[in-house]
Amino acid sequence: MRIEGVIFKKGEVPKKLFKIVYGTIRETRNKTYHDLTKGDYVGLVEYLLEIPLADDIVAIEESEITELSLEEEYENVIKKIISLRKILYETSIDLENLILDDFNFETADIDDYLEQVESLLTLSAGELPEDKKEAVELIESIEDDRLLTKVNFVKKFIEKFPEEEVGAKFLIETAAKVYIVLNDRYVAKSLLKKVLLTYPHLLDYCYEATKTLESIYKDEGNIIYRRYSKMAKVLEVMMRGNA
Amino acid sequence: METLEFKDGEKIIKKDEIGKYIYIIKTGKIKVTIASYESILSEEGPDVFGLEALVGEPYTETCVALGDVKVIKCEKEEFVEIYERTEVGKEALKSFMRRTAKALGWI
């Protein structure tokens, strides 16, 4: 069955089991959406538990779904539930034994990425002044229409003055602008992760970075947001302990 | 298929172990741990755990006896033949889904 738009309405209890043949279907729970694709079941939780949907389930592009019987799909449904549990474990954190170094960040090779972007755009950021005060002033003076140049200077600043706390502030501010102005999630996330990796001792900046990471991952419907949500909670507790 | 007895605190299945058997609770209660989420299973239903064995995957939860417990241990073929298409099989899947959704904070 080809479909576009609402498949199940909020409050409805799905009575049939549908599997996606192609397309993208969006489920929303707890104000967070999850995009389902080929091979996923539509509203599986609510169908199995016979409970009402918290929100509409919507095909966000032309999609095809096929009705199946639970008996035939029994073992495939188990596999699907196991895959959800694997995601759960991948995004869970041992709160009692946490240290920041435990976080296995996705490859975030921002330096390589920026070099590629810059060579494509033939941007020339120039050299960062040797004097710290001048370098700070230069970075602060760069307008939003030269954001990638600013990113590049921030990167150089951190390399040149790794002990300077203002580097963490630059990373967070620039990440937010990159996300809002350029809508570049990759660079924004990379900059924020650089805060966690470079300044793990600056808890307040790390907290701000994790909260922003949480919201970016949530916006893109990526369950990884749970990792940063928990990390932010841990940092909050650590900050209270230090207060 | 055989009935096994466990004492309080004894581990019946452990996360990441290769799943060979499916278990049906005959009497008593079981504590299930999935990441930081914990729930209690009992003979009402009856509750089943170890469904991962049906698809050759390692267990994704740890189950520990709460007090004296009796469970029926099934091999994959036995569960498929006797229980899978019955209410026990359906309830097992629902319970497996419910624990997962709760652990994920979806319900």
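The largest cavity holds about 30 Å³ of space, where a cavity, on a 1 Å grid over the protein atoms alone, is a set of points at which a 1.4 Å probe fits but cannot get out, and where the volume is the space filled by probe spheres set on those points, joined across faces, edges and corners. Rolling a probe the size of a water molecule over the atoms shows where empty space is left. By this rule the count is 1 cavity of 30 Å³ or more.

Before I go further, please keep in mind that this is a predicted model, in which local features need pLDDT of at least 70 and side-chain atom pairs count only at pLDDT 80 or more, while totals for chains, interfaces and linings use all residues. Residues are numbered from 1 along each chain as its sequence is written, chains are lettered from A and ligands numbered from 1 in the order in which they are written, and side-chain values use heavy atoms, with hydrogens and water left out.

Which residues line the largest cavity? Lining residues, meaning those with an atom within 4 Å of a point, include E27(A), T28(A), R29(A), E46(A) and D55(A). The most, 3 residues, come from β3(A), strands (E, at least two residues) and helices (H or I, at least four) being DSSP runs numbered from the N terminus. By class the cavity lining has 3 nonpolar, 1 polar and 5 charged residues, with Asp, Glu, Lys and Arg counted as charged, Ala, Val, Leu, Ile, Met, Phe, Trp, Tyr, Cys and Pro as nonpolar, and the others, Gly among them, as polar.

Now for the interface. Contact, meaning heavy atoms within 4.5 Å, joins 33 residues of chain B to 27 residues of chain A. The two chains bury about 2,800 Å² between them, 69% of it on carbon and sulfur atoms, buried area being the accessible area (1.4 Å probe) that two parts lose on being put together, summed over both. Of the area that chain B buries against chain A, L93(B), M97(B) and W106(B) supply 27%, more than any other three residues.

Side chains of opposite charge can pair when their charged atoms come close. Counting a salt bridge as a side-chain nitrogen of Lys or Arg within 4 Å of a carboxyl oxygen of Asp or Glu, there are 5 between chain B and chain A. One of the salt bridges pairs E61(B) with R85(A), the closest N and O atoms being 2.7 Å apart. Over all chains, the whole structure has 24 salt bridges.

Key. On a 1 Å grid over the protein atoms alone, a cavity is a set of points where a 1.4 Å probe fits but cannot get out, and a pocket is an open set with protein on both sides within 12 Å along at least five of seven lines; lining residues have an atom within 4 Å of a point.
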